[in-house]
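Please open the model in your viewer and keep the sequence panel beside it, as each stop below begins with a selection.

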Amino acid sequence: MEKNELVAWENKCIQEESPECTSACPLHVNAKLFLKEIQKGDWDAAYKVLNKTMPFPGILGRICDHPCEERCKRGPVGGPIAIGALERLCVERYTGKKRVQLLPRKDHRIAVLGAGLAGVTAAWDLLKKGFIVSVFEPGDRLGGSLWDLPEQLLPREVIIEELSILETMMADIRLGIKLDKVLFEQLCEEYEAVILDRDSLRGIDLSLKLDNDGLIATSPATGATGRDGVFAGGGTRFRGGFSPVMETLEGRKPALSIERLMQKVGLEFGRENEGPCTTRLFTSLEGIDPLPRVVAADSVKGFTEQEALLEAKRCIQCECMECVKKCLYLERYKGYPKKYAREIFNNERILLGAARHYNVFVNSCSTCGLCETVCPNDFYMGDLCLEARRTMVDQKFMPPSLHEFALQDMAHSNGELFSLCRHEPGKTESAWLFFPSCQLCGTTPGEVVSSYRYLRDRLSGGVGILLHCCGAPAFWAGREDLFKEALDDIRAAWAEMGKPRIITACSTCLNIFQEHVPEMKPVSLWDIILQVGIPDSACAHGITGNTVGVVDPCVTRHNPVDQKGIRRILKALGIQIEELPLSGEMPECCGYGGLMYNANPALARDVVARRTTASDNDYLAYCAMCRDNFASAGKRVSHLIEHLFPAVTGGDPAARSWTSWSERRANRGRVKEMILRDLGEREEAQAEEYEKLKLTISPDVMKRIDARRILQEDIRKVIFHGETSGKKMRSRQNGSYLAYLQPGNVTFWVEYSPEGDGFTVLNAYCHRMNIVGIMQ
Amino acid sequence: MNFSQEATVWSCSSCGGELSLIKVGFTYMKGNFEVDLPACSACGLVLVPESLALGKMAEAERILEDK
């Protein structure tokens, strides 16, 4: 990922955008954090939040006209949070030290003329930044029109105390000074820059251009007056009414301009969001209890601490997190897409020898796209992760264990044990080419063969068959080479068959073909069935209460036509449908997609387990892996094909158990064998000696070893090796044997005992570390 | 980790000898390790117990893969 790509990704995620309150505030006070501290009862921390952004928090905290409240998201659900009143209480009860952190002293001397709120704010900001500041005020005290505010709102001693902070900040304050053109010219000579407080200077002629209100005209973005080094701000009371917080901004703006002037950087650059601005942050109000605003029992004194706490607790702490709320994967890594994009970027730049902690993260995304659907800004983690995986492969730091098993499974499907391409028996042409998918063949071999017979009966022009994997595992693993190879093989077979129309029974295959080989014009089996008629064999057997929760595969998210088609078929079969919360455009993956199950099996198990709780009804899937994964999690689930082309009528397909990886491979072989038999061909397979071993494996052991991705083929190899070489260990406890073998990258260990003419498998485990042997 | 318990449970089927704790070498992704494991010094057979394969060894594999 290049830096500019990172910036684009980061910009897409809006979680770190400012909440409405902060964006509405001319000073961008972090009101969300302020309220969070009060929620915790930490008033000192709350004060610190104000103090970080506000000049003279004791004053502004009491008099702020809180435009934040108007845009508070709580508004429609109980009324906006009383941020103004809470600020007031916070500064009233603060008795700690009033500290202002000053930056190292700089040589630049700045003059501030007029000490109204804008003037003292400018002085405060410049002093904080280390400038040498002189304040010239005609009156005998600082504060200007602050003194006109009601005593009850702003006690006099507070004005005195707060403004005296300027002295501790080493301001050079000169009171009783006559502000006129002579002084102005003199200061322009003596100081590097001058700020004019328009609130105090209205009516004094300084030979500067005036606006319609009789105030010194300025650039709204910078406060520049048009005369070099002279800036002005303030005077809101002459323009629609005194707004303390806008008046403060009026002082802050020219101060920032002067800082930029002294640093010799552009005055205007990047200041669009200064002052009140809009925000892209989205916050859902779904499920928010409409709590009414707390009313102070004593309206004169305002909130008690107890009341304030209750009021602060109404703050919903605005944030987006829409995707994280829906996706277990995004939730588990305790961040959100913007943060993840940064981590992935950094992960690609780890120095040699240091650990890349985000490898598993990058490879755990199922790429299902639910995040994109729920994101107000369409952030798709799948694209980000797939691109990162391709980079990992390119730069050779993809951990080999993360995808090896899945890629071997794909290689099996594309090898001689499954791969096949033939015209319909007795025909030499194909108008159609059935591509049932490797995983569907792996779980329902008999039904697949029946569906092929059905297609041959109902469609004319010849229906050929292509047994192959569509290459999705390689695509997900970031293996562009293997993906291209798979698609090239398919494209070549399709061309060889005369470019027939492809019919597939798998949503993932359909999706891959539509995206990558659109010229094949793929169509789903379900679509064909709707066109040419429900098969005579179809029956709604074994469904509890005759109602199913339809599990839409994640890849059908943008395919409402197929989703509706499935429902039409179910209705035609007389099956009642329950729409699950994550259906239609909202499905989550079953854990197979993106190879999540391979890179992060524990997460994949949790994703499925959570999804099984959505309904007590039986589930009906139309993706082979959805069916198998739900079944593996103990959910009653059947596949549509088991109702359309049942092996037996009146059965209970939802009671069928999970399918092991070994069974999947055996089932694929069975499909090929049955199709060849229909064609009158026979596979002359040469069985290896080890393949003849008879194994007995209890269901418990089977489940355990399958989760460890150990195939029966591996087990046979190990036992065969142990038995033929004699290299095995014997247990003194129960007489069982333990043997090991490394046929590829993995070393397999099998504990077994001979039984009759075969072997009972007691346990199996594996590791990738290579055994060198006994060290001398 | 001490695997002396495993050493007493299993014996070498090839020579009938006892297993004893011996330094066994492993290698993975440019990393080399030595662990005291039950092994038959005569036949060279070594025993990687399940707890080691699924525990510390899997952890080390993951760390090396992330390097």
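Predicted model: local features only at pLDDT ≥ 70, side-chain atom pairs only at ≥ 80, totals over all residues.

## Where the chains meet

Select chains A and B together: 31 residues of chain A are in contact with 32 residues of chain B, two residues being in contact if their C-beta atoms, placed from the backbone, lie within 7 Å. Residues are numbered from 1 along each chain as its sequence is written, while chains are lettered from A and ligands numbered from 1 in the order in which they are written.

On the side of chain A that touches chain B, β20(A) (770–774) gives the most, with five residues; strands here are DSSP runs (E, at least two residues), numbered from the N terminus.

## Inside chain A

Now select β4(A), residues 193–197, where five of the five residues are buried, so the strand is largely enclosed by the rest of the structure; buried means that 20 or more other C-beta atoms lie within 10 Å of a residue's own, with C-beta atoms placed from the backbone. Ala193(A), Ile195(A) and Asp197(A) lie on one side, and Val194(A) and Leu196(A) on the other.

Finally, show the parallel neighbours of β4(A): β1(A), residues 109–113, is joined to β4(A) by four bridges, and Val112(A) stands opposite Ile195(A). Four bridges also join β4(A) to β5(A), residues 230–233, where Ala232(A) is the bridge partner of Leu196(A).

Definitions and conventions. Buried ≥ 20, exposed ≤ 12 C-beta atoms within 10 Å, placed from the backbone. Pairing = 2+ DSSP bridges.
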